[in-house]
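Okay, thanks for making the time, everyone.

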Amino acid sequence: MNAAVSLAARRTPATRTPRLALLGTGVVGSAFVARYESLQQRQLRLPRFEWLANSRVARDCGAGIAQALDEARLAPRDERAALQPWAETSALRSGDVLVDATASDAVASWHADWLARGVHVVTANKLGQGAHWERAQAIGEARHAGEAQYGDSATVGAGLPLLSSVRALVAGGDHIHAIEGVLSGSLAWLFHRFDGRARFSECVRAAAAAGYTEPDPRIDLSGEDVRRKLLILARSAGIALRAEQVVVDSLVPETLARLGEGEFDARLRELDQVLATRWQHAHDAGRVLRFVGRFDAHGATVGLRELPLSHPLAGGGGTDNRVAIHSDRYREQPLLIQGPGAGAEVTAAALLDDVLRIAVH
């Protein structure tokens with residue numbers, strides 16, 4: 001009997017006590033488990049951690065969460081498996097909390113279905129509301145049709161009060177004219193670090209070594225991650241922005257985008273001269289380089305911009321996200337929200353905050 005089936009066999013009658021399930025046992029999922037156990041030791045009231053799963057296996061947490069995590073992480077890949085463990089939803093019941101700590105499009109495609117069943121979804125996966133417009137619509141309709149809640153504060157800003165602020169402004173009758181921001185913690189760190197003296201490729205490798213970028217840094221450098229976050233922000237503001245409407249200026253030329261991961265790393269230095277020239281041009285004009293996503297009445301863009309030092313997005317440091325909200329209420333000066341925007345720990349904390357808000361408070 002496979003793990004998913006054995007989990008389904010353990011179903012019990014419905015209860016008001018929510019159970020917790022985790023999908024994704026990578027860096028963020030592991031950090032989530034560590035934070036859960038830390039709060040458990042402090043005797044905080046928490047939902048019972050029932051099971052966790054990755055794309056290979058599902059594990060019951062009855063014998064210990066850490067043991068289940070280790071077993072799941074060490075499970076061998078089985079290319080013959082026709083059913084991924086996360087697809088076995090019969091182990092979930094109304095009122096349970098499902099945490100999506102993956103970056104899987106397939107998992108995100110289930111969000112609306114789980115919500116419709118009454119299962120709360122807490123996610124760091126941006127592909128739920130930051131990809132297909134139809135999927136985002138389905139999630140929104142499922143949220144409003146039933147009692148299940150959707151915790152998505154970890155998808156943009158790693159838990160900063162960003163989405164909640166945008167939604168509160170809209171609910172209060174404010175009209176948002178534009179949102180622009182440094183939305184990638186990895187790219188924020190990179191362009192605070194890049195000073196025209198060190199090679200850009202060296203800064204990229206330093207960011208990767210520090211764990212700020214994806215294993216393939218092109219995912220960050222392409223601007224795709226920022227586009228997804230911009231879509232989530234726009235849709236939270238009530239704007240029906242579609243992915244194809246966002247103009248993205250990637251830092252990765254097409255010749256390098258087509259390469260294998262190892263080949264790209266070997267040719268990473270091909271970016272050095274282009275970025276050195278752009279940095280020098282900005283420096284000579286008394287400006288700084290920032291990778292910015294923005295939407296307003298004229299459209300939506302993602303890319304590297306030269307900003308004057310007085311610009312709201314020019315400051316910050318480290319992996320800080322820095323977001324400016326322009327609205328009727330904040331017409332003269334934008335509402336500025338800033339804080340750490342990258343790292344497994346802050347993302348895991350945001351996930352668990354949403355879990356506690358839904359399941360405990």
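Let's start with asparagine 321, which sits in strand β11, residues 320-327; strands here are DSSP runs of E with at least two residues, helices are runs of H or I with at least four, and both are numbered from the N terminus. Before I go on, this is a predicted model, so local features need pLDDT of at least 70 and side-chain atom pairs count only at pLDDT 80 or more, while totals for chains, interfaces and linings use all residues. Residues are numbered from 1 along each chain as its sequence is written, and side-chain values use heavy atoms, with hydrogens and water left out.

So, is asparagine 321 buried or exposed? Its relative accessibility is 0%, so it counts as buried. Buried means under 20% relative accessible area, exposed means over 50%, and partly exposed is in between, with a 1.4 Å probe and protein chains only. Who does asparagine 321 touch? Leaving out residues up to four places away in sequence, its contacts (heavy atoms within 4.5 Å) include Gly157, Leu160, Val182 and Ser184, plus Ile337, Gln338 and Pro340.

Next, phenylalanine 291, in strand β9, residues 287-296. This one is buried too, because its relative accessible area is 2%. Along the sequence, phenylalanine 291 is 100 residues from phenylalanine 191, but their C-alphas are 7.8 Å apart in space. Phe191 is also among the residues that phenylalanine 291 touches, as are Val182, Val226, Leu251 and Val302.

That brings us to the cores. A nonpolar core is a set of buried Ala, Val, Leu, Ile, Met, Phe, Trp, Tyr and Cys residues joined through side-chain atoms within 4.5 Å. The largest one has 45 residues, and the ones touching the most other members are Phe191, Phe200, Leu221, Leu233 and Ile325. Helix α11, residues 224-236, gives the most to this core, with six residues. There's another core apart from it, with 33 residues, including Ala68, Ala75, Ala101 and Val360.

On the α7 side, Leu163, Val166, Arg167 and Val170 meet Ile232, Leu233 and Ser236 of α11.

Now over to helix α15, residues 344-359. Of its 16 residues, 12 are buried, so the helix is largely enclosed by the rest of the structure. Among the buried ones are Thr347, Leu351, Asp354 and Ile358. The cover over them includes β1 (19-23), α2 (27-41) and β4 (97-100).

Aspartate 96 lies in the loop between α3 (65-74) and β4, and it counts as buried because its relative accessibility is 2%.

Cysteine 61 counts as buried at 6% relative accessibility, and cysteine 203 counts as buried at 3%.

Technical notes:
The expected span of a helix is 1.5 Å times one less than its number of residues.
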